[in-house]
Protein chains: 2
Amino acid sequence: MTNTSKIKVYQEVLDKIRQFIEANSLSEGDRLPSERELAEQLNASRSSVREALRAIELLGLIETKHGEGTFLKTYRPYHTVELLATFVLRQPTTKHELLEVRHLLEEQCLSKLISSEQQSFKELIDSTKQYNGQDLHTFVFSELFELVDNELFYKIWHLINNFSQTTYSNKLDYDRYINLVLSVESQDLSSALQDLNSIYEK
Amino acid sequence: MTNTSKIKVYQEVLDKIRQFIEANSLSEGDRLPSERELAEQLNASRSSVREALRAIELLGLIETKHGEGTFLKTYRPYHTVELLATFVLRQPTTKHELLEVRHLLEEQCLSKLISSEQQSFKELIDSTKQYNGQDLHTFVFSELFELVDNELFYKIWHLINNFSQTTYSNKLDYDRYINLVLSVESQDLSSALQDLNSIYEK
DNA sequence: TAAATTCAAGTGGTCTGACCACTACTTTAA
DNA sequence: TTAAAGTAGTGGTCAGACCACTTGAATTTA
């Protein structure tokens, strides 16, 4: 019946690896112990270790180099998202929640920016006008979040944003985003929030 | 040189599985071929197949039942988001950042509650007064976040909250938290935010 | 006949040991 | 001094072996 308690070896390994990273405060580019070493130290077979490593590799958290080793990687979930997209039939509720949270985070971002020292957004406006990529929203907010100077905050938004990839913006949106930035620049919070709303309601 | 093109077996397997799912239009609950079957059909070893399966299992896309088989699962981004968050959060993060983000999530929580339909907080106030545990903050906000009806939002806060292990509340805090809830009840946002601030500034 | 038991086949879970391919470094030879 | 060859360590992959578990059929029992 209630069998869910069975923890698999590869999951334990996963946890141990995470702990190892934390304990040795490894960061981007650092090398993990070899598969054989991990297997021995964690008292697991190399296969199990590999299952764990492959899993977090797919998540984009590590990178393996044949003949060299396994390395921590800067987290970039792009390929994960692509992968997921092909597998997933998204559920409406879920999608709604994702967007709601994203919206929330962005509101706070704007609020933070406005309540901090005034700064110029000239460059951002220019680069927005010239932006030619797929996802204007991501572009603009990446820039805005970076200004907030809270790495964690940025990462969380980034994470959510990647999962809520939905409709790609059409050209009309340029105006909306530029208005938004202008509102931020003039430190008008309620106007900025309204601009953001209009983007979401579209 | 251009070595990046080296595709690993487990990635090919992954792709084939995806194609299989698509071709047979499998959906939630349907069973995939057994590991041994997949290995044979895809001309790979069982280990490689398992590496692929473990990876997407970790992503939350499939579910394996010992002795039964491997099944497609309803996809919940929470799972992935949570998983990734545990890694992201373990990267060097200052306590200040954690608290700032937590604070900010809580502000949004209050804001959401206040802008939604009015509700009674009588029970919450009572149980807060009687609360006898270690962490009043967690208690009160767990309740508040649940009222927001966005599971993802709740989970993110929960994660951050766990990592920002602060602390011990002294009795004086009871008043602060009760005031906070009262402000929410009377739908007075600015007052609620102020109450929250006073908790953080303490 | 109906119910309980036993048993066999199929499945995932794990481990071992073996090669191969690649990299970086050391040793050797020119 | 420099170039080449060798070597040790690493990830990549595979084959095969058990084990634990589930299911359903065959068998036994009531």
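Student: In which kind of crossing does α1(A) pass α3(A), right-handed or left-handed?

Tutor: This is a predicted model, and in it α1(A) passes α3(A) in a right-handed crossing. The residues that make the contact are V9(A), Y10(A), V13(A), L14(A) and I17(A) on the α1(A) side, with S48(A), V49(A), E51(A), A52(A), L53(A) and I56(A) on the α3(A) side. Sorted by class, they comprise nine nonpolar residues, one polar and one charged.

Student: At what angle do helix α1 and helix α3 of chain A pack, and how far apart are their axes?

Tutor: Two packed helices are described by the angle between their axes and by the distance between those axes. Here helix α1 of chain A, residues 9-23, packs against helix α3 of chain A, residues 46-58, at about 65 degrees, and the axes lie 8 Å apart.

Student: Which residues are buried in helix α6 of chain B?

Tutor: In α6(B), which spans residues 122-130, the buried residues are L124(B), I125(B) and T128(B). They are on the same side of α6(B) because they cover an arc of only 100 degrees around the axis.

Student: Which residues are exposed on the other side of α6(B)?

Tutor: K122(B), E123(B), K129(B) and Q130(B) are exposed there.

Student: How many disulfides does the structure hold?

Tutor: A disulfide is a covalent bond joining the sulfur atoms of two cysteines. Over all chains, the structure holds zero disulfides.

Student: Is C109(A) buried or exposed, and what of C109(B)?

Tutor: C109(A) has a relative accessible area of 0%, so C109(A) is buried. C109(B) is buried too, with a relative accessible area of 0%.

Definitions and conventions
Residues numbered from 1 in each chain as written. Chains lettered and ligands numbered in written order. Predicted model: local features only at pLDDT ≥ 70, side-chain atom pairs only at ≥ 80, totals over all residues. Heavy atoms only, no water. Axes fitted to C-alpha atoms, helices over the stretch in contact; angles between N-to-C directions. Helix = DSSP H or I, 4+ residues; strand = E, 2+ residues; numbered from the N terminus. Left-handed = near helix turned anticlockwise from the far one by under 90°. Contact = heavy atoms within 4.5 Å. Nonpolar A, V, L, I, M, F, W, Y, C, P; charged D, E, K, R; others polar. Buried < 20%, exposed > 50% of the residue type's maximum accessible area, 1.4 Å probe, protein only. Arc of directions from axis to C-beta. Disulfide = S-S within 2.5 Å.
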